[in-house]
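Reader: Could you take me through one part of this protein up close? I would enjoy a connected account more than a list.

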Amino acid sequence: MSFIDKLIANTIRPEIIADTPYTVPDASGFIKLDAMENPYPLPPQLRAELGQRLADAVLNRYPVPSYASLKERIRARMGVPDGYDVILGNGSDENISMMVMAISGGGRRPVIMAPTPGFVMFARSAMLAGADFVGVPLDADMRLDRAAMLEKIAEHNPALVFLAYPNNPTGTLYDQDDVVAIIEALGEHGIAVVDEAYGPFARTSFMARLPEFENMVVMRTVSKLGLAGIRLGYMAAAPKLLEQFEKVRPPYNVNVLTQIAAEFALDHIEVFNAQADQLVAAREQLAADLAALPGVTVFPSAANFLLVRVPDADASCAKLLANKVMVKNVSKMHGLANCIRVTVSTAEENAAFLHALKASLN
Ligand SMILES: *Cc1c(COP(=O)(O)O)cnc(C)c1O
C-alpha cells in the first residue's frame, strides 16, 4: 500500500471509503430535463434591478447571522403561522444534514426512515452522520403504504421520518390523512419532516398545520421555484425544536449574495408563482401526450416533473441522449423498473423530449 492509501485507511471512515460520490453529469449542449430546474430566466427588468442590489452588497463583512430581514419576508410570504420562526440552510440539503446531525452521534445510532423510492439525500445524510436508514416501499401505484409505515415505525422507533410532499422521484402527493397518521404515530418519540420542495406546484402545504403537531418540521426551498442557483432552503417548526437545530447551523451558512437575491425574489414572488402555474399547465399537457404513446405509463404527479414507465428505459435514455435531451434514468431504484424521470419545461423543450422519446419506442 502506498503512503496515501495507508493514510486514508488509517483515518477515513470505512463507509466513506466504500462510498461513491454523488455525481452530476455535465449537461452543456443538452436540453436539461434531469434536475427539476425551472426553465424560465428572470425577466430582463428584474435582472437589471437585481444586478444593482447585488452591486451594493457589503462583501467585506460577514453576513449578520440572524438573517432577520430575509426570515421576515419568508414568514410573511410563505404562510408561516404566527409565533413560528424559520431556520435557513444552504439549500434543503444542508437543512437535512443539520437535522440528521442533531440526532446522531454521541454513541447513538438512531434510525432515520423514509418511503422508498425517495430523495437520495435522506439516506445519504444518514450514512454520513452514522445513523441507520430504513426505507419503507411505496405501493405499486407509488402511494404511501400507511400500514407498512406504521408497522415499521413501531418496529424501529425512528427519531426522524422524512416525507417528501410531493415525493421525488415519483411525483406522488401523499394522502394528507396518511401523513397525519404517521406524524401522530411518531408522537413525542420522533420528528416528522414534511419536505415541501415541490410545494409551488402542489398548491397544498402542511405549513398552516404547524400548531397542530409539535413534532412536525415543514421544510421548503426556493430551488424548484426558479432559484436553484442561489442555494437557499428554510424550515419551520415549534420554536423549542428549532432552537436545537439552530445550535447545529454554521453561523454564516447563507452568504450575503444569496440573502440579497432571495429577498429580491420574495419581493417579486408573483413572477415565480406565475411561472409555476405555467409549468403545472405544461405538466398536464405533457402527461396527456405521454399517456397516449403505446407502452408508456405516466404516474400522477403534483410536482414539476413526471415519472414515466417505458418498455426499455436504457434504450429510451440512449436515444434521448443521442438527441441531446437529458433526463434521469431511475430504473435501478426500488420498484422503478424501466422508469425515467423528466422535468416539465417550456413547450419547445417538452416537444423535443416527446419527439425523441417517440423515436425511441420504435
Ligand atoms: C430537489 C429536492 C430538494 C433539494 O433542495 P435544495 O434546496 O436544492 O437543496 C429537497 N427535497 C427534495 C424532495 C427534492 O427533490
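Author: Happy to! Helices here are DSSP runs of H or I with at least four residues, numbered from the N terminus. With that in hand, let us look at Ile12, which sits in the loop between H1 and H2. Please keep in mind that this is a predicted model.

Ile12 has a relative accessibility of 39%. Partly exposed covers the range between the buried limit of under 20% and the exposed limit of over 50%, so Ile12 at 39% counts as partly exposed.

Ile12 also belongs to a nonpolar surface patch of about 700 Å², together with Phe3, Ile4, Leu7, Ile8, Ile16, Ile17 and Leu128. Two elements give two or more residues to this patch, namely helix H1 (3–11) and helix H2 (14–18). Of the elements, H1 contributes the most, with 4 residues.

Now a step back to the wider setting. The protein is divided into domain 1, covering 10–39 + 270–361, and domain 2, covering 61–267. Their C-alpha centres are 24 Å apart. Where the two domains meet, 32 residues of domain 1 are in contact with 31 residues of domain 2. Together they bury about 2500 Å², and carbon and sulfur atoms account for 63% of that. On the domain 1 side, Tyr22, Phe272 and Ala302 supply 22% of the area buried against domain 2, more than any other three residues. Charged pairs take part as well: 2 salt bridges are counted between domain 1 and domain 2.

Definitions and conventions: Residues are numbered from 1 along each chain as its sequence is written. This is a predicted model: local features need pLDDT of at least 70, side-chain atom pairs count only at pLDDT 80 or more; totals for chains, interfaces and linings use all residues. Side-chain values use heavy atoms; hydrogens and water are left out. Patches are made of residues with over 30% relative accessible area and no salt bridge: like charges are joined within 9 Å, nonpolar side chains (Val, Leu, Ile, Met, Phe, Trp, Tyr) within 5 Å. Accessible areas come from the Shrake-Rupley method with a 1.4 Å probe; for residues, only the protein chains shown count as cover. A salt bridge is a side-chain nitrogen of Lys or Arg within 4 Å of a carboxyl oxygen of Asp or Glu. Buried means under 20% relative accessible area, exposed over 50%, partly exposed in between (1.4 Å probe, protein chains only). Domain bounds come from an automatic or database domain assignment. Contact means heavy atoms within 4.5 Å. Buried area is the accessible area (1.4 Å probe) that two parts lose on being put together, summed over both.
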